[in-house]
Every structure is written in C-alpha cells, then in structure tokens.
Amino acid sequence: MRNIALKLRYDGSRYHGWQVQKNEISVCETMERAVEATCGKAHVIGCGRTDAGVHANRYCANFRTDSTIPVERIPLAINSRLPMDIAVLDAVEAPEDFNAIGSCIKKEYIYRIHNANIRDPFLEDRVCFYPQRLDLERMKRAAEAFVGTHDFKAVRSVGTETKTTVRTVHWCDVSKQDDLITVAICADGFLYNMCRAIVGTLVYASYGKLEPEEIPELLELGDRRLTGPTMPPQGLYMNRLWYDGIVGEMMMRDGTPDGDPLHPVIE
C-alpha cells in the first residue's frame with residue numbers, strides 16, 4: 001500500500017478548522033471526499049489542527065492507498081474534485097512510517113495584523129483589523145521573551161490535553177510593511193491557541209498593558225489570566241513545515257506559491 005504525502009494550501013474562512021466535525025464543514029472532511037473520489041476510500045491525516053477561520057500557506061497531509069495513479073498526476077486529479085479555496089500543490093510517495101503530524105520536526109505560523117485607521121475590504125477574513133496604534137519596538141522586545149524552551153501554559157487555552165506544556169520556540173519575529181504587521185513564530189510544537197495568545201500578549205505589551213520584561217515571570221507563573229487575549233483566528237496562517245527526506249524536500253520545493261496572494265511568506 002502506498003503512503004502519499006500531499007502539500008496543501010487553503011483559505012480557512014468558510015471551514016470549521018481542519019478536524020472533522022459532527023455538524024460543521026471542515027477542511028479534512030472536504031479533503032477526504034476528494035481523495036476518496038480520486039483514489040478510493042482513505043483516511044487523511046493532517047499535520048495539525050487549525051481552528052475555524054485559520055488559513056494555511058503550506059500544510060501537509062498523508063493517506064494510504066492501493067491506487068495506481070502516478071504520483072505526479074495526483075494533485076491535478078484531487079484538485080478537480082476540490083472547491084476553489086483548497087488546493088493540492090504537490091505530492092510524493094512517502095516512506096511507510098511517515099505520518100504528517102508525528103514526523104513533523106518544527107512548524108511556523110504567521111499572524112497578520114492590519115494596523116490602520118480604516119479597514120481594507122480586500123483583506124476581510126485574511127487579517128486581524130486593529131485600528132489602535134501598535135508600538136512595533138515594544139512588540140519586538142516582548143517577542144524575544146518567548147524564544148527558547150519554556151512552559152507555555154500561560155499562553156494556551158484549555159481544550160486539547162497534552163502530556164506536557166513545555167515547548168521550544170525557535171524564533172518569534174515581528175516585522176511591518178506599510179500598515180501590515182506580521183508576527184512569525186516557529187516552534188517544535190504548539191499548544192491550543194498558543195500562537196494567538198502570544199500575539200495577544202505582544203499587543204498588550206505594545207501599549208503598556210504589561211511590560212515586555214515581565215513576560216519571563218508570567219511564563220513562570222503559568223497563569224493564563226495574566227497574559228494577553230487570544231487574538232481572532234482570521235489573522236493566523238500555518239506557514240511552513242519541516243520534515244526529513246523526500247517530504248521535507250517537497251514542502252520547500254522551488255515553485256511553491258509563497259504567502260497569500262497579497263502578501264508573501266516571510267523567509
């Protein structure tokens with residue numbers, strides 16, 4: 001049986017996240033229907049859950065199949081059965097033991113804030129519109145405090161149970177182009193709503209609700225009530241993923257569209 005790994009890209013605006021839901025449409029359910037119509041019955045495994053309204057510039061999934069369709073034809077075949085807001089960009093035959101979530105080495109999410117007085121209708125559902133002025137330098141100072149191995153219990157929502165709340169953040173960078181602020185966070189794994197809570201904490205720090213220098217102590221205390229709010233989902237994108245071997249090569253292969261149509265991926 002073949003193990004097929006897919007590179008996906010999707011606009012999550014009209015989906016209730018990745019995971020299959022009882023009464024709501026999800027990206028996974030939509031993908032499974034398209035895959036089954038193309039390759040026969042299959043269970044699609046995603047690289048992680050994304051919440052309702054969250055997008056993916058890059059996303060990895062895998063499924064097992066007895067189908068003999070050449071791997072290079074699988075993206076076009078599946079895309080012909082998908083709605084316009086989900087696309088399969090590439091496919092490879094992965095090793096037998098490959099699993100999109102278990103084999104992932106690290107992930108990067110980005111969060112986009114439109115920091116302007118007047119909203120942009122063309123960015124609706126693609127960014128978080130935030131008209132109050134944000135202090136970029138204070139946000140950058142606050143972001144530095146999240147880098148490293150910490151217990152991130154103070155910036156996660158209660159929901160999914162995990163064995164440990166300790167994670168390693170490789171970088172937490174803040175940049176600005178015109179009125180668009182982008183926060184890029186790369187870690188070996190993420191807790192439920194961790195990215196959105198980190199960004200909310202940066203926003204609090206930007207206008208003095210808390211001091212950037214207080215963040216290490218807040219992480220030590222582990223009290224969710226003391227850090228910033230969970231930001232809205234529409235500004236969040238799964239951006240990049242790292243794997244070993246042929247799947248890792250696929251995820252970074254030249255020719256991959258970078259970023260959403262209006263704003264490129266940060267490299």
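Colleague: Is cysteine 104 buried or exposed?
Modeller: This is a predicted model, in which local features need pLDDT of at least 70, side-chain atom pairs count only at pLDDT 80 or more, and totals for chains, interfaces and linings use all residues. Residues are numbered from 1 along each chain as its sequence is written, and side-chain values use heavy atoms, with hydrogens and water left out. Buried means under 20% relative accessible area, exposed over 50% and partly exposed in between (1.4 Å probe, protein chains only). At a relative accessibility of 13%, cysteine 104 counts as buried.

Colleague: How many disulfides does the structure hold?
Modeller: A disulfide is a covalent bond between the sulfur atoms of two cysteines, taken here as a pair of cysteine sulfur atoms within 2.5 Å. The closest cysteine sulfur to that of cysteine 104 is in cysteine 47, at 6.2 Å, so this pair is too far for a bond. The number of disulfides in the structure is zero.

Colleague: How far is the sulfur of cysteine 28 from the closest cysteine sulfur?
Modeller: Cysteine 28 is buried, its relative accessible area being 4%. Its closest cysteine sulfur is in cysteine 47, too far for a bond because the separation is 11 Å.

Colleague: What is the C-alpha distance between cysteine 60 and tryptophan 242?
Modeller: Cysteine 60 is found in strand 3; helices (H or I, at least four residues) and strands (E, at least two) are DSSP runs, numbered from the N terminus. Cysteine 60 is buried, with a relative accessible area of 0%. Its contacts (heavy atoms within 4.5 Å), leaving aside neighbours within four places in sequence, include Leu241 and Tyr243. Tryptophan 242 is 182 residues from cysteine 60 in sequence, and the C-alpha distance is 9.8 Å.

Colleague: How is helix 3 oriented relative to helix 4?
Modeller: Two packed helices are described by the angle between their axes and the distance between the axes. Axes are lines fitted to C-alpha atoms, for helices over the stretch in contact, with angles from 0 to 180 degrees between N-to-C directions; those of helix 3 (residues 136-144) and helix 4 come within 8 Å and cross at roughly 135°. Angles under 35 degrees count as roughly parallel, over 145 as roughly antiparallel, 65 to 115 as roughly perpendicular and the rest as oblique. Relative to helix 4, helix 3 is therefore oblique.

Colleague: Which residues of helix 4 meet helix 3?
Modeller: Helix 3 contributes Arg138, Met139, Ala142 and Ala143. Their partners in helix 4 are Leu202, Ala205 and Ser206.

Colleague: What is the phi of asparagine 193?
Modeller: Asparagine 193 sits in the loop between strand 9 (180-187) and helix 4, and its relative accessible area of 12% makes the residue buried. Not counting residues up to four places away in sequence, asparagine 193 touches Asp51, Val155, Ser157 and Thr230. The residue is not a glycine, yet its phi is positive, near 65°.

Colleague: Where is aspartate 51 found?
Modeller: At 18% relative accessibility, aspartate 51 counts as buried. Setting aside residues up to four places away in sequence, aspartate 51 touches Gly17, Tyr192, Asn193 and Arg196. Its place is the loop between strand 2 (45-46) and strand 3 (55-65).

Colleague: What is the phi of aspartate 125?
Modeller: Aspartate 125 lies in the loop between strand 5 (106-114) and strand 6 (128-129). With a relative accessible area of 38%, aspartate 125 is partly exposed. Although aspartate 125 is not a glycine, its phi is positive, at about 70°.

Colleague: What distance separates the C-alpha atoms of glycine 102 and glycine 48?
Modeller: Glycine 102 is in the loop between strand 4 (86-93) and strand 5, and counts as exposed at 61% relative accessibility. Glycine 48 is 54 residues away along the chain, and the C-alpha atoms are separated by 9.4 Å.
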